[in-house]
Amino acid sequence: MDRSSGEGQLAADSASTVEPVDLVSRSRELECEDDHVAVGALLRGDTASRIRWATPDGLELVGRGVAARFAAGGPDRFDRIRTQASRVFDALAHDGPEPARPRAVGGFSFHDGHEPGPPWTGFDAAAFVVPQVLLTRTDDGTWLTTVGTRADEADDRLERWTDRLAALPSNRSSGSAPAPGVASTRRTTSKAAWSDQVETALDRIADGRLTKVVLAQALSVDLEGAIDVPATLERLRRQYPNCYRFLVGREVGGTFFGAPPERLVAKRGNRVETEALAGSVPRGETPAEDREHVERMRADEKFQHEHELVVDAIREQLAPFARELTVSEQTIRRLATIQHLQTPIEAILDGDRHVLELVEALHPTPAVGGVPPDAAWETIRDTEPFGRGWYAAPLGWFDGDGDGEFAVALRSGVAADGTVTLFAGNGIVADSDPAEEWDEVQLKFRPILDELR
Ligand SMILES: C=C(O[C@H]1C=CC=C(C(=O)O)[C@@H]1O)C(=O)O
């Protein structure tokens with residue numbers, strides 16, 4: 001809640017009861033260079049709900065305050081979020097251009113049985129907000145949208161935040177704020193424990209119960225100074241321009257943030273885009289070394305098997321929704337510290353669908369879960385010594401038409417009480433070597449860890 005500006009929460013925030021509230025939204029195009037938009041102002045303070053979402057291809061959302069909140073747990077959480085949101089969106093009058101429409105932004109925990117607790121205090125098994133103040137930036141412009149229970153409230157909020165944004169310093173320059181520094185680190189998983197964990201998975205693969213599982217580790221980083229999460233995200237933008245970036249901060253608890261490379265799903269009308277991303281090698285010191293790593297990965301049966309399992313599962317999950325399904329050629333996703341095998345997948349839907357139906361069908365893909373899904377989850381639960389919380393789960397936005405986009409919340413960490421807890425995992429298949437898998441996991445801690453040092 002943004003107490004400083006009297007921005008109260010307008011809809012109920014308990015897990016499943018959102019009273020239908022008739023909301024009104026207002027919007028205005030901001031006449032400013034994007035470098036000068038003071039998005040940092042919307043993200044400051046840790047007693048307000050704050051969200052930030054950016055795609056590699058240009059959409060940026062920055063939101064503050066809660067006009068409506070949807071939350072749910074349990075196996076039907078996707079449906080319950082959709083039902084709660086439909087009630088609010090159906091009664092929401094939007095007076096403005098299409099890019100500036102109100103959106104619900106949030107995400108899910110990896111598993112539906114998740115209970116919020118440190119470091120995930122404040123993070124339900126599914127939670128979305130329609131922000132009171134939303135800044136939307138696309139290649140075509142920047143808009144400010146406000147939502148309130150009455151037109152005069154939305155109007156007032158629009159005036160107030162237009163003035164504030166014009167008066168405050170730019171977020172881009174906040175990227176130069178110093179990194180907090182690392183005082184010490186603690187692992188959930190020693191090298192020996194990791195070997196045991198991978199061996200357990202390999203035994204289950206050998207006896208036919210399991211084909212693939214993605215096992216993860218957590219790394220707790222105690223910071224020397226206070227972390228400026230928006231500034232950290234801004235530095236991540238420079239290092240990883242072709243990744244998503246997100247931040248979710250609640251009124252209580254920590255701030256979850258990251259720079260994931262993986263799209264879970266984007267839906268606009270009847271067009272859907274997704275991808276398989278699995279198989280990782282390091283970057284080289286030179287372009288020739290980069291290519292050597294890639295050639296090794298392309299030629300390696302283990303990597304190809306690990307990747308194809310993801311392609312096959314996505315194809316299978318999307319098929320019931322699709323009139324057409326196109327699996328493109330495998331390519332390489334090259335990031336600053338790591339390279340992945342990637343296969344883009346597109347579909348034309350067979351009818352009217354909500355993006356959350358697709359999110360539910362796809363999550364978890366075997367890029368973060370495994371094959372078969374139940375045996376993979378059992379192995380994760382039996383062997384991982386920590387809760388995944390929102391790591392490796394869908395995070396993104398949807399609108400009143402059921403369009404939206406979700407990333408997989410990888411290369412991420414949750415900042416709470418002077419500590420950032422990072423998460424990273426790797427796919428285990430027959431022939432996986434515990435030592436090599438360990439090295440690949442460490443590469444995936446680097447995007448966030450490098451920005452904290
Ligand atoms: C599970 C993670 O990465 C996934 C995405 C790309 C490559 C992966 C791999 O090589 O195993 C993983 O499937 C992570 O970053 O924590």
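Predicted model: local features only at pLDDT ≥ 70, side-chain atom pairs only at ≥ 80, totals over all residues.

**Stop 1**

Next, select residues 191-444. An unreviewed UniProt entry annotates this range as "domain: Chorismate-utilising enzyme C-terminal". Over residues 191-444 the chain is 35% helix and 35% strand, and the end C-alpha atoms lie 16 Å apart.

**Stop 2: the nonpolar core**

Select Ala104, Val265, Val359, Ala392, Ala409 and Leu422. These are the residues with the most contacts inside the largest nonpolar core, which has 124 residues. At least three residues of this core come from each of domain 1 (3-174) and domain 2 (182-226 + 261-452).

Centre on Ala392. Which residues is alanine 392 in contact with, leaving aside its neighbours within four places in sequence? They are Phe110, Ala216, Pro364, Val368, Val408, Ala409, Leu410 and Gly425.

**Stop 3: helix H2**

Select residues 77-90. Helix H2 has 14 residues and reaches 20 Å from its first C-alpha to its last, close to the 20 Å expected at 1.5 Å a residue. Show the side chains of Arg77, Phe78, Arg80, Ile81, Arg82, Gln84, Ala85, Val88 and Phe89, which are buried. What do the buried residues of H2 pack against? The partners are strand S4 (68-71), strand S6 (104-108), strand S7 (126-130) and helix H9 (355-362).

**Stop 4: two cis peptide bonds**

From H9, move on to Pro364, in the loop between H9 and strand S19 (370-371). Histidine 363 and proline 364 are joined by a cis peptide bond, with omega at about -10 degrees. Proline 364 is also one of the contacts of alanine 392 from Stop 2.

Now step along to Pro372, which sits in the loop between S19 and helix H10 (373-383). The peptide bond between valine 371 and proline 372 is cis, and omega is about -15 degrees.

**Stop 5: two aspartates with positive phi**

Select Asp417, in the loop between strand S22 (412-416) and strand S23 (419-429). Its phi is near 55 degrees, a positive value in a residue other than glycine.

Follow S23 to the loop between S23 and H11, where aspartate 431 lies. Aspartate 431 is not a glycine, yet has a positive phi of about 80 degrees. With 12 other C-beta atoms within 10 Å, aspartate 431 is exposed.

**Stop 6: helix H11**

Select residues 434-452. Helix H11 has 19 residues, and the distance from its first C-alpha to its last is 27 Å, close to the 27 Å expected at 1.5 Å a residue. Where does H11 bend? The bend, of about 50 degrees, is at arginine 446, and proline 447 follows within four residues. The buried residues of H11 are Glu437, Val441, Lys444, Phe445, Pro447, Ile448 and Glu451.

**Stop 7**

Select Leu247 in strand S12 (residues 245-249). Leucine 247 has 20 C-beta neighbours inside 10 Å and therefore counts as buried. Draw a distance from Leu247 to Arg52: the two are 195 residues apart in sequence, but 4.9 Å apart C-alpha to C-alpha. Leaving aside neighbours within four places in sequence, leucine 247 is in contact with Leu43, Arg50, Ile51, Arg52, Val229, Pro230, Leu233, Thr255 and Phe257.

Finish at Thr149, in the loop between strand S9 (141-148) and helix H3 (151-167). Threonine 149 has 15 C-beta neighbours inside 10 Å, so it counts as partly exposed. The C-alpha atoms of threonine 149 and leucine 92 are separated by 9.4 Å, and the two residues are 57 apart along the chain.

Conventions. Residues numbered from 1 in each chain as written. Core = buried A, V, L, I, M, F, W, Y, C linked by C-beta atoms within 7 Å. Domains from an automatic or database assignment. Contact = placed C-beta atoms within 7 Å. Expected span 1.5 Å × (residues − 1). Bend = angle between axes of the 7 residues up to and from the residue. UniProt positions renumbered as here; feature names shortened; annotations may be inferred.
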